Amino acid sequence: MGNKILFLIKAPNAGGAETYLLRYMRHCKQSNYTVYCKGGIGGELELAYREVCTLKLDSKLGYYNPFEYIKFYKYLKRKKYTSVCDFQGNFSGFVLLCAKIAGVSNRIAFYRESKNKFSNSFFKRIYTWLTTRAMLYSATRILANSKNALNHFHPEWEGKPNKFRVIYNGFDSNIVSRKDKSEMRNLLNIPHDAFVIGHSGRYCSAKNHEMILHVALKLCSSYPNVIFVLMGRDVKEHLQNEVEKYDLSEQIRFLGYRTDVLDVLKSVDTFYFPSLTEGQPNALIEAMMSNVPFVASNIPSIKETVPDCCQSFLVDPNDFEENYKALEKAVQDLSYLDETKCSIWAKEKFNADKLFNEFREELELLCTTR
């Protein structure tokens, strides 16, 4: 029978953790994978998930209902998994406690964010404290995709190598698009002489779309040859009215959720990524691997993701003038961001064979530090 591995995510949507897990399962095909969706709903990646794993959507596992966790415990007892991995960090506590009581030997909490996104009400602080305690008690291993995440949640982590480990996101270099700029601009109806600034990410406060919009409105008003292409779920719904108010729909374009982000990146002159918080940014890594120059925020998780030579191109995500001037320099001087073209570095740094194998070792109990 071999290893039976259960992963837990909220839903098969196109988020960072969900994309990472899908790429991992495609890369490492030798195990028996089941993905349990806590929200009990599907998403954009549902069909892709069903190609590589057993997808469980028929049960919901919320934050507060104890009866749902009793059902989950019985499910674990019946299925006899060898490993359970929950991608919600602190909030994997009660899941892993059920797994411990059910006799699952390998119980992993994986942090994919660098800050807690739960609101700060008294009741939710109590809940967070409880689930964190349950996670620390129940997890055999605690992983994160950045040092910054562990520094934030568990400042003592570096002194406990048998408990904690950082595993960066893995990327197969074969995913980089082979299309050329002219081909993609023709497909997207973008003028060949335009200066194109791209962004990829679902609409949420962490992605800082308000800054993106304000910078785009001013830059496009000042430079008629500038075009922004914004990819991601719900972005158009939140920003389109403001763009139409300034009559800039031709220059600020909403492409929605895309399965061909890496192809679209081939049409882009600069990637703009002013996130306020990140675990480890898949979208920025995809841009680097595609050899697209970038302007990104100077938050710790991004500093950890880019090479030393690019640190001076990072900007304060809350400083409008700094963001605007960085992109304006790129528009005025095509060579300004040349140092941020780092595909060779990125392909080595985020090598899929190495990094996915590190995760596989954790899942399959091969880690020699135990």
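# Close-up views of a predicted model

**Figure 1. Overall view of the protein chain.** The accessible surface of the protein chain comes to about 16,500 Å². Carbon and sulfur atoms contribute 50% of that surface. The model is predicted. The protein chain contains 15 helices and 13 strands. Along the principal axes, its C-alpha atoms fill a box of roughly 65 × 40 × 40 Å. A compact globule of 370 residues would have a radius of gyration near 21 Å, and the protein chain has 21 Å, so the two agree. Of the 370 residues, 56% count as buried. Among contacts with a separation of 6 or more, 70% join residues 24 or more positions apart. The protein chain carries 50 positive and 42 negative charges.

**Figure 2. Tyrosine 36 against phenylalanine 72.** The structure holds 27 aromatic pairs. In the pair formed by tyrosine 36 and phenylalanine 72, the ring centres are 5.2 Å apart. The ring planes meet at 80°, so this pair is edge-to-face; the cut-off for that class is over 60 degrees. Tyrosine 36 sits in strand E2, residues 32-37. Phenylalanine 72 sits in helix H3, residues 66-79. The pair therefore ties together parts that are 36 residues apart in sequence. Both tyrosine 36 and phenylalanine 72 are buried.

**Figure 3. Asparagine 291 in its loop.** Asparagine 291 is found between helix H11 (282-289) and strand E12 (294-297). Its relative accessibility is 34%, so asparagine 291 counts as partly exposed. Beyond its neighbours within four places in sequence, asparagine 291 is in contact with Lys341, Cys342 and Ser343. Serine 121 is 170 residues from asparagine 291 along the chain. The C-alpha atoms of asparagine 291 and serine 121 are separated by 43 Å.

**Figure 4. Tryptophan 345 in helix H14.** Helix H14 spans residues 343-349 and includes tryptophan 345. At 31% relative accessibility, tryptophan 345 counts as partly exposed. Setting aside residues up to four places away in sequence, tryptophan 345 touches Met288, Thr305, Val306, Pro307 and Phe350. Isoleucine 70 is 275 residues from tryptophan 345 in sequence. In space, tryptophan 345 and isoleucine 70 are 47 Å apart, C-alpha to C-alpha.

**Figure 5. Aspartate 234, with a positive phi.** Phi of aspartate 234 is near 75°. That is a positive value in a residue other than glycine. Aspartate 234 lies in the loop between strand E9 (226-231) and helix H9 (235-245). The relative accessible area of aspartate 234 is 35%, so the residue is partly exposed.

**Figure 6. Aspartate 247, with a positive phi.** Aspartate 247 is not a glycine, yet its phi is positive, at about 55°. Aspartate 247 lies in the loop between H9 and strand E10 (252-256). Its relative accessible area is 68%, so aspartate 247 is exposed; that class requires a value over 50%.

Methods. Residues are numbered from 1 along each chain as its sequence is written. This is a predicted model: local features need pLDDT of at least 70, side-chain atom pairs count only at pLDDT 80 or more; totals for chains, interfaces and linings use all residues. Side-chain values use heavy atoms; hydrogens and water are left out. Helices (H or I, at least four residues) and strands (E, at least two) are DSSP runs, numbered from the N terminus. The radius of gyration is taken over C-alpha atoms; the globule rule is 2.2 Å times the number of residues to the power 0.38. Buried means under 20% relative accessible area, exposed over 50%, partly exposed in between (1.4 Å probe, protein chains only). Contact means heavy atoms within 4.5 Å. Accessible areas come from the Shrake-Rupley method with a 1.4 Å probe; for residues, only the protein chains shown count as cover. Lys and Arg count as positive and Asp and Glu as negative; His and the chain ends are not counted. The place of a charge is taken as NZ of Lys, CZ of Arg, CG of Asp or CD of Glu. Rings of Phe, Tyr and Trp (its six-membered ring) pair if their centres lie within 6.5 Å; planes under 30 degrees apart count as stacked, over 60 as edge-to-face and the rest as tilted.
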